[in-house]
Amino acid sequence: TMQALNKQLDFIIELDRLKGVYRQALVKSDKNRFENSAEHSWHITLTAQILHEYAVENVDISRVMSMLLIHDIVEIDAGDMFAFSDKAALEEQREKEMAALTRIFGLLPQEQFQKYKALWLEFEGAETIDARFAKAMDSVLPLLQNMRNEGGSWVKHNVKKSQVIKRNRYLEGLAPQLWLYVCQQIDFAVTQGWLLDD
C-alpha cells in the first residue's frame, strides 16, 4: 500500500542522519578525521562477510550482516558512546538507545518494525551465535584500525590492555584463529605503548 511505502521511505530518509554521527575512531587514510557511524556500519558488515569463514560455529551470515547494518541506527538520536566509557554513562546510553529504537524503527510498518527491533535486541543481548559473531566484528574492526594507526583512539583515551581483551572476548571459542591473532596484536600494542599494561 501507499501508506506502507511512505513509512518505509520516511525511514530510509531518516537513515541519512547516521552519516552525521561521529565516532572516536579515526580514518587514517583521510587526514585522521573522525569516522561516522554509517561508514562504520558498512565497514564491519563487509568485515563480517570476509571473516566469517573463521567461525567454527554455524553462523548465519545474512542475519549477522542485517544486525551490523542496523546496530548503530539508534545513534541518530542517542549519539555515539565511546566503547570504554564508565558504567553510569553506558547505562544512561542504554536508556537513550531504547527510546531511539522505538522512535526510528517505529517509522516503519508494524511488521518490519517488530522484525528489526527483535534483531537489534538480539544483537545487544549477545547471547545467540549470530549476535556474538556480530559483536565480535564490531570489536575487531576498531582494533585493526587502531593497530594500523599507532594506537589511534586507544592512545587518546589511555585504554588498558584488559579493556580491549574483554571487548574482544566474543571471538574466543567462536573464531579461535581470529582470537589468537587479536591476542597477539594486543600484546604487540602494549610493547609499542599504545595500550596500558595492567
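Trp194 is buried, with a relative accessible area of 14%. In this predicted model, the ring of Trp194 pairs with that of Phe188. Phe188 counts as partly exposed, at 41% relative accessibility. The ring centres of Phe188 and Trp194 lie 6.0 Å apart and the planes stand at 85°, so the pair is edge-to-face.

**Aromatic pairs**

- The whole structure holds 3 aromatic pairs.
- One of them joins Phe11 and Phe105, with 5.5 Å from centre to centre and 40° between the planes. This pair is tilted.
- Phe11 sits in helix H1 (residues 2-14) and Phe105 in helix H5 (residues 87-105), so their pair ties together parts that are 94 residues apart in sequence.
- Phe11 is buried at 8% relative accessibility. Phe105 is buried too, at 0%.
- Phe11, Phe105 and Tyr116 form a cluster linked by ring pairs.

**Strands S1 and S2**

- Strand S1 (residues 22-27) pairs with strand S2 (residues 33-36). The pairing is antiparallel and runs over 3 bridges.
- Val27 faces Arg33 of S2.
- The hairpin of S1 and S2 has 5 residues between the strands. In this hairpin, Lys31 has a positive phi near 55°.

**Helix H2**

- Helix H2 covers residues 37-51. Its 15 residues should span 21 Å at 1.5 Å a residue, and the end C-alpha atoms are 21 Å apart, which agrees.
- At the start of H2, Asn36 places a side-chain oxygen within 3.0 Å of the backbone nitrogen of Ala38.
- The buried residues of H2 are Ser37, His40, Ser41, Ile44, Thr45, Thr47, Ala48 and Leu51.
- Down the axis of H2, the buried residues fall within an arc of 160°, so they line one face of the helix.
- An α-helix has 3.6 residues a turn, so residues three or four places apart point the same way.
- Trp42 and Ile50 are exposed on the other side of H2.
- The buried residues of H2 pack against both S1 and S2. They also pack against helix H3 (61-70), helix H4 (75-78), helix H7 (129-147) and helix H10 (176-191).

**Ala4 in helix H1**

- Ala4 belongs to helix H1. Ala4 counts as partly exposed, at 22% relative accessibility; buried would require under 20%.
- Ala4 and Leu26 are 22 residues apart in sequence. In space, their C-alpha atoms are 38 Å apart.

Notes
Residues numbered from 1 in each chain as written. Predicted model: local features only at pLDDT ≥ 70, side-chain atom pairs only at ≥ 80, totals over all residues. Heavy atoms only, no water. Phe/Tyr/Trp six-rings, centres within 6.5 Å; stacked < 30°, edge-to-face > 60°. Helix = DSSP H or I, 4+ residues; strand = E, 2+ residues; numbered from the N terminus. Buried < 20%, exposed > 50% of the residue type's maximum accessible area, 1.4 Å probe, protein only. Pairing = 2+ DSSP bridges. Expected span 1.5 Å × (residues − 1). Arc of directions from axis to C-beta. Contact = heavy atoms within 4.5 Å. Polar contact = N/O pair within 3.5 Å; in protein donor to acceptor, adjacent residues only side chain to side chain.
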